[in-house]
Amino acid sequence: MDTHRPGQSGEAHERKAQHRRMSALGGYAAVASEVVPGLGAVLSAEAGISAGDYVLDVAAGTGNASIPAAQAGARVVALDLNPELLEAGRSLAGAQGVELDWVEGDAEDLPFQGDTFDAVISCAGVMFAPDHRQAAAELVRVCRPGGTIALLNWTPEGFVGELIAIMGDYQRSQPAGPGAPLWGREDYVTGLFPHGTVTGWRSRKEMATVDRFEDPEHFQEFCKTNLGPAVGVYRGIGNDPERSAALDRELSSLAERHARGSARGMEMDWEYLLLRGTAAG
């Protein structure tokens, strides 16, 4: 599917292509299923999804939120820019005995008519779309009046916000536009939506407890292998062993700062923001 919207600048189109390439690196399925497997169910419950609802999960990845929504009895469309993630999600859903529609598409140019869905959700997904205002406008456009918009986003001051900042320091070229972790601030997100289009915003911050890793070095090695942005950054500095070693140390240090002992070795709390609003009529 061509992700170049009419009127989209060449620079914006290249950012979108870069984002798509980055999301295909590593093993995101392992991140979703092994590191933060419960987040999608948290978002589905926050959105109040129930049997008979027609739900769109934007930037769905492998279906972390889509599959729980379908398990609740909803009709679900899982949309993502990356066909490889959709294929992995289709396999996961089949293994769990649920059916939903998997659609390749762009969060900034949703291929649906307006006022279509009872709920539009995104679990740490739409926050990575390059054009924040355009993505927000699309979320509310396809949500029916009185429908629900519910988002789960990593906060800038939490673990993932720090991780993204570290990755940015090692990128050869800084991405244009505002950073993804800004979606973890309520005032920022509510200001993205066209005035009066979403009402009754409710928000709260929560922690995802991550106990996937034995020690900080285990986390660092997992990032190098599975986390798309980290894989891309390491490839970009592959000819500079000193910078690669420095990034190794920073990732291990990040995990060490947030870690506490557990039966599996260590666990960390990763902060996120839950937001829920109602599409205006």
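Reply: Glu-162 and Arg-257 form a salt bridge, with 2.8 Å between their closest N and O atoms. The term salt bridge denotes a side-chain nitrogen of Lys or Arg within 4 Å of a carboxyl oxygen of Asp or Glu. Glu-162 belongs to helix H7 (residues 159-170) and Arg-257 to helix H11 (residues 241-258), so this pair ties together parts that are 95 residues apart in sequence. Helices (H or I, at least four residues) and strands (E, at least two) are DSSP runs, numbered from the N terminus. The model is a predicted one, in which local features need pLDDT of at least 70 and side-chain atom pairs count only at pLDDT 80 or more, while totals for chains, interfaces and linings use all residues. Residues are numbered from 1 along each chain as its sequence is written, and side-chain values use heavy atoms, with hydrogens and water left out.

The two partners can also be described by their relative accessible area, for which buried means under 20%, exposed over 50%, and partly exposed in between (1.4 Å probe, protein chains only). Glu-162 is partly exposed at 24%, and Arg-257 is exposed at 51%.

Lys-224 is partly exposed, at 29% relative accessible area, whereas Asp-248 is buried, at 19%.

A further pair lies within one helix. Glu-138 forms a salt bridge with Arg-141, and their closest N and O atoms are 2.7 Å apart. Both residues lie in helix H6, 3 residues apart, which is about one turn of the helix. An α-helix has 3.6 residues a turn, so residues three or four places apart point the same way. Glu-138 has 7% relative accessibility and therefore counts as buried, while Arg-141, at 30%, is partly exposed.

Glu-138 is one of the buried residues of helix H6 (residues 132-141), together with His-132, Ala-135, Ala-136, Leu-139 and Val-140. The elements that cover these buried residues include strand E1 (54-58), strand E5 (143-154) and helix H8 (186-192); contact here means heavy atoms within 4.5 Å.

Finally, Glu-46, Arg-204 and Glu-206 are linked in a network of salt bridges. The structure holds 13 salt bridges.
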